[in-house]
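These are my notebook entries on a structure that is new to me. I set down what I looked up, entry by entry.

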Amino acid sequence: MQGVLSAGRGAAAMCSLALFPPPLADGEVTLYESNNELVSGSSPNSYSMQEWDPPSLHFPRELLKPHSRPESSSKTAFLDHRDTLWMRSAAAWRDTGLTGVLDEITHSVEEVPKWLGVSAGCILAVLRLASSFHGSLFPHLTLSNMDMVAEFSQVLDWSDCTVRAFAWHPHTDKFAVALLDDSIRIYNSKSETTPTLKHRLQRSVAALQWKPLCASALAVACHTCLLVWHVDPTSLSTRPSSGCAQVLSYPGHAPVTSIAWAPSGSILVSASPVDTAMLVWDVAAEICVPLQRVGGGGVTFLSWAPDGGRLLAATPSALFRVWETWMWTCERWPCLKGRCQSGCWSPDGSRLLFSVQGERVIYALTFNDALGGPKDAAIVADLSDTTFNSPDGDIIIGGEVQSLAWDPRGERLAVLLKGNKMTEGRPAVIAVFKTRSSPVFELLPCGFVNGEAGAEPRLMQFHPRFKHGALLTVCWSNGKMSHVPFYFVSAGAVQPNPLPHLAGQTVDHSSHQLYTIL
């Protein structure tokens, strides 16, 4: 089945950045939302959280040395050439598939018959010629693995970002942070122990996700494989053994740029821009089933609907698919200008919001099984450039979307706009919308989230179980991490939690930090 992107029904109700309040002056920091307004202060310590504070951390950037290994680095210098051709070919198959095996045979002229070496060289040349033609159709295939991860990551400026991936645990106040040096650290409100995860295959981490309904399993999208760490939350060990990690790999499926657990935790899906199939993993059995469709040139981004019924799969080309996960059939949605960059689902899984590269709008697809699914996509937000006057001069906000995040209650939508770092006065910024589903779906302006002077947002994620509304975690270009609460009473709450009293507090801020220095 194929749909069409268009202005669709509901375009008349779309929200514009021109309706937003002006951004904060440089040096003012967004602290929280109360009474439908964003409250700011001169420093992140102007306000203390009401309940759990994420721990105060300090990871100086100069101590986080990134790996500077090129793609083929000096791997051969460390290979044991006493290994048999069969063993080296098996390793090449695991790493790069058929082309790796043929390359190994071609360069082992003293160990193979002449006819076999010549045949392998000819087949390799044909495959490379076909790959070159394929690369002309899909230009992303000419990128190095590192550049490919940076291109399709949900993190803005991934290559230079101190925090490369972040994941809240779905059921508790615990989060995992992947850093520039390829280590992963886990912070838990109920433990002073901070496990640090390291593995020889844990390179170029593109995504993290905790397994639902499980306390210990963390999936990691890496340079050449998937890792699934099993970290006992009651353990006092700060350096879990690499034996605690399962290695899941498949020929031709690297780098892995996106992963998604089913909401039931029963299966894990992985995606790679070089593989037209997304892999559905039975993690316990360490086996997978490829789900392949013609067209697209790979799979770049995955997002599972909270009800488990649908899965968004974006491709490097101007189309994306929405899979129905009961019978694993899919709808094909071509885009007009570019690929689907990001997407997020409403809490009930009935509505998908997404953005398209090269377009300055947010689209919405509404799914109604009784009506046979959507026929077109409606534009619900206009993100065209808007000029705001400020004491520091004019600021232009708008442009393409890097990532989208919708809070679990479905009432706040955070949009990370890329900006233009080559142009002064065009910063990357987070615009937050209020979302309303009844009587019609619409987005309403809330405000812009501002960090410390000179800091721009790089990645963001909502806390999955914040009691008093929504809590947005933001990682900034200066290596800090802020946690911005949005206090509101949910429209669908039967017995709403009372909002914390914010006015007139006298609090010792010395032991509280909203920001985490990385």
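**Entry 1. Salt bridges**

How many salt bridges does a search of the whole structure find? The model I am reading is a predicted one, and the search returns 8 salt bridges. I recall that side chains of opposite charge can pair when their charged atoms come close.

I began with Glu151 and Arg339, which form a salt bridge with their closest N and O atoms 3.0 Å apart. I then asked which parts of the chain this pair ties together. Glu151 belongs to helix H5 (residues 145-152), while Arg339 sits in the loop between strand S20 (329-334) and strand S21 (340-345), so the pair links parts that are 188 residues apart in sequence. I also looked up the accessibility of each partner. Glu151 is partly exposed at 37% relative accessibility, whereas Arg339 is buried, with a relative accessible area of 5%.

Next I noted the salt bridge between Arg426 and Asp385, at 3.4 Å from N to O. Arg426 lies in the loop between strand S28 (412-417) and strand S29 (429-436), and Asp385 in the loop between strand S24 (376-382) and strand S25 (386-388); the pair therefore ties together parts 41 residues apart in sequence. Arg426 is buried, its relative accessible area being 14%, and Asp385 is partly exposed at 36%.

I also recorded the salt bridge of Glu456 with Arg458, at 3.8 Å from N to O. Here Glu456 is partly exposed, with a relative accessible area of 22%, and Arg458 is buried at 12%.

**Entry 2. Cavities**

The largest cavity has a volume of about 100 Å³. Its lining includes Lys174, Trp210, Asp232 and Ser237. By class, this lining has 5 nonpolar, 5 polar and 2 charged residues.

The second largest cavity has a volume of about 60 Å³. Among its lining residues I listed Met278, Leu291, Arg293, Arg321 and Trp323. Which strands each supply at least two residues of this lining? They are strand S18 (310-314) and strand S19 (319-324). The lining of the second largest cavity divides into 6 nonpolar, 2 polar and 2 charged residues.

Conventions
Residues numbered from 1 in each chain as written. Predicted model: local features only at pLDDT ≥ 70, side-chain atom pairs only at ≥ 80, totals over all residues. Heavy atoms only, no water. 1 Å grid on protein atoms, 1.4 Å probe; cavity = no way out; pocket = protein on both sides within 12 Å on 5 of 7 lines; lining within 4 Å. Points joined across faces, edges and corners; volume = space filled by probe spheres on them. Nonpolar A, V, L, I, M, F, W, Y, C, P; charged D, E, K, R; others polar. Helix = DSSP H or I, 4+ residues; strand = E, 2+ residues; numbered from the N terminus. Salt bridge = Lys/Arg side-chain N within 4 Å of Asp/Glu carboxyl O. Buried < 20%, exposed > 50% of the residue type's maximum accessible area, 1.4 Å probe, protein only.
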